[in-house]
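Subject: Structure for your attention

Dear colleague,

Please find below the structure that I am handing over to you. My notes on it follow, and I would be grateful if you read them with the structure open.

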Amino acid sequence: MDLTSLTIKQAHEGLKNKDFTSVDLTKAYLDKIKKEDKDINAYLSVTEKLAIKQAEEADRRIASGNFTELTGIPCSIKDAIMVEGEKCTSASKILENYVAPYDATVIKRLKEVGAVILGKTNLDEFAMGGSGENSAFGVTKNPHDKTRVAGGSSSGPAAAVAADMACYSLGSDTGGSIRLPSSFCGVVGLKPTYGSVSRYGLIAFGSSLDQIGPIAKTVEDAKIVFKVLSGKDEMDATSVDYKFKDAKVDIKGLKIGVPKEYFVKGIDPEVEKIVRDAIKKAKDGGAEIVEISLPSVEFALACYYIIAPSEASANLARFDGIKYGLSEPAENLLDVYLKTKGQGFGDEVKRRIMIGTYTLSSGYYDAYYKKAQLVRQFIKEDFAKAFEKVDLIFTPVSPVPAIKIGENTDDPLAMYLMDIYTVSLNLAGLPGISIPVGKIGELPVGLQIIGNHFQENKILSVAEEMEKLVK
Amino acid sequence: MISKEEVKHIAKLARLELKDSEVEKMQKDLSEILEYFDLLKKAPKMKESSLNFKDIQTITRIDEIKEKDSSMADKLVAQAPDKKDSSIKVKSIL
């Protein structure tokens with residue numbers, strides 16, 4: 001039996017039935033990473049010692065009968081989420097040697113249920129990018145076609161799951177960073193409602209947008225992980241008192257909105273066909289398909305690329321060469337700041353700090369930042385109106401399948417356009433999932449299912465149905 | 001198109017050192033991106049009162065001292081590039 005190809009559910013059954021131990025499972029993954037990750041570059045660091053220790057502990061728990069579905073199951077963690085005592089680089093030179101002094105709340109929760117952490121996975125530097133190419137430590141290749149990107153910013157977490165180098169991963173999503181790489185790699189990625197998962201211990205990018213979520217092989221697995229991650233945390237004042245309640249939503253009679261603005265110029269015709277075929281299957285399954293209009297969608301990308309960089313420019317001011325991370329020696333304090341940031345940050349991070357500083361600066365604040373906040377409100381109201389008419393919304397995740405490595409690196413705006421279908425959810429705080437629904441040649445294509453706030457249960461239930469319908 | 005001087009001014013505000021070649025590239029990239037933002041002018045006018053943040057609550061907690069292991073402080077200070085004993089060293093500002 002190939003242990004690394006199992007889902008969480010299957011691996012859990014195997015552990016329960018004593019077919020294998022967590023140490024067996026963990027070693028199988030570690031071997032696979034050693035052999036195959038040099039061609040993929042999903043991992044920035046492998047936490048072998050920690051993993052073996054956790055696996056041994058998990059086996060003791062399993063023997064004692066006190067265990068849950070995630071006990072002893074190996075996972076990878078996006079390297080923007082802190083695991084105590086392990087490096088946390090956010091794929092930036094500025095944090096190349098940074099060691100996390102404490103656990104993120106999501107890590108604490110995983111540790112409590114006996115999870116096994118295999119290592120820290122690659123991303124676009126500070127989670128800024130849609131392709132994974134902005135990592136200071138090299139691009140993650142797409143396991144389905146190694147000449148192409150894995151998608152970003154959670155490039156390593158998605159590729160690790162797709163290549164059977166982790167049973168599941170934790171990613172983070174600020175404008176599509178869980179859903180886009182999940183779509184490109186053919187795995188399931190859930191971006192939860194803003195506030196449902198604690199952000200404590202996640203290196204901040206855009207604090208009003210960031211959300212941690214699971215990337216897994218199946219919808220059921222994503223649900224198992226989300227249940228453990230979600231819930232209020234006193235260390236994150238934006239987290240909400242929320243308890244996930246399983247729901248069984250029948251696709252028959254369900255009203256599914258399909259916004260016409262998601263199928264306009266710019267979408268790859270083959271992506272459109274696959275997504276429309278999936279929608280057709282929902283219809284055949286008894287759902288009522290309603291064409292809706294979301295006029296705000298046209299403005300979402302511009303709105304996002306003002307708000308996210310504005311917040312990033314404030315969040316990244318902390319990397320000043322004084323408290324932690326890289327420090328470039330200089331005569332006076334100002335030069336330490338200038339040189340440390342100049343040397344430590346990559347091109348895209350610098351670009352976003354510059355955009356954000358510009359849009360927040362005196363004289364431009366009203367025209368850009370304030371305008372964007374008003375448009376953000378328009379987007380929220382637009383989606384709220386849509387959810388008065390429909391239960392869920394189905395859209396593509398990205399207008400294109402995984403792009404070639406280097407295809408857009410000289411054209412930042414073309415790169416930003418890949419986020420056009422995902423950013424609205426972050427601006428409105430809504431949950432969404434990407435599930436694989438087809439392939440163009442070897443390249444997977446995802447369907448995005450969007451729900452109203454805190455309706456992860458509805459999304460997950462329908463996504464599970466869709467998983468069966470598109471098989 | 002924004003000017004090189006503007007790019008340098010913004011970089012100064014951001015405390016970011018840019019090489020000459022970076023200033024040039026940034027001028028081109030930022031101009032293109034800012035031009036794209038002009039799209040927002042077409043968005044429907046929203047009243048400022050719509051930003052009433054009524055769904056946002058103030059979250060408070062009791063202001064109390066919680067004992068923590070001193071090893072946490074040591075771990076935090078240990079991350080600093082320049083330190084003396086248990087303090088972080090900063091260059092003089094005056």
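**A helix in chain A and its neighbours**

In α12(A), the buried residues are A:Y368, A:K371, A:A372, A:V375, A:R376, A:Q377, A:F378, A:I379, A:D382 and A:F383. Please bear in mind throughout that this is a predicted model. The helix α12(A) covers residues 366-389, which is 24 residues. From its first C-alpha to its last it reaches 34 Å, close to the 34 Å expected at 1.5 Å a residue. Against what do the buried residues of α12(A) pack? Within chain A they pack against α9 (297-315), α11 (347-360) and α14 (423-428), and in chain B against α2 (20-37).

**Where the two chains meet**

The contact between the chains involves 35 residues of chain B and 41 residues of chain A. On the side of chain B that touches chain A, α1 (4-13), α2 and α3 (70-78) of chain B each supply at least two residues. Of the elements on that side, α2(B) gives the most, with seven residues. By type, the residues on this side of chain B divide into 25 nonpolar, two polar and eight charged.

**A pair of helices in chain A**

Helix α2 (residues 22-40) and helix α3 (residues 48-64) of chain A pack at an angle of about 155°, and their axes are 8 Å apart. Angles over 145 degrees count as roughly antiparallel, so α2(A) is roughly antiparallel to α3(A). The crossing of α2(A) past α3(A) is right-handed. The residues in this contact comprise seven nonpolar, two polar and three charged. From α2(A), A:S22, A:V23, A:T26 and A:L30 take part, and they meet residues of α3(A) including A:A51, A:I52, A:A55 and A:I62.

**A covered helix and a buried loop residue**

Helix α5 of chain A (residues 155-162) is mostly covered, as eight of its eight residues are buried. Among them are A:S155, A:G156 and A:P157. Just after α5(A), A:D164 takes a positive phi of about 60°.

A:V400 lies in the loop between β11 (392-396) and α13 (412-417) of chain A. Is A:V400 buried or exposed? A:V400 has 20 other C-beta atoms within 10 Å, and it is therefore buried. Apart from its neighbours within four places in sequence, A:V400 is in contact with A:D268, A:V271 and A:M418. The C-alpha atoms of A:V400 and A:P444 are separated by 10 Å, although these residues are 44 residues apart along the chain.

Key
Residues are numbered from 1 along each chain as its sequence is written. Chains are lettered from A and ligands numbered from 1 in the order in which they are written. This is a predicted model: local features need pLDDT of at least 70, side-chain atom pairs count only at pLDDT 80 or more; totals for chains, interfaces and linings use all residues. Axes are lines fitted to C-alpha atoms, for helices over the stretch in contact, and angles run from 0 to 180 degrees between N-to-C directions. Helices (H or I, at least four residues) and strands (E, at least two) are DSSP runs, numbered from the N terminus. Angles under 35 degrees count as roughly parallel, over 145 as roughly antiparallel, 65 to 115 as roughly perpendicular and the rest as oblique. A crossing is left-handed if the near helix is turned anticlockwise from the far one by less than a right angle, and right-handed if clockwise. Two residues are in contact if their C-beta atoms, placed from the backbone, lie within 7 Å. Ala, Val, Leu, Ile, Met, Phe, Trp, Tyr, Cys and Pro count as nonpolar, Asp, Glu, Lys and Arg as charged, and the others, Gly among them, as polar. The expected span of a helix is 1.5 Å times one less than its number of residues. A residue is buried if 20 or more other C-beta atoms lie within 10 Å of its own, exposed if 12 or fewer, and partly exposed in between; C-beta atoms are placed from the backbone.
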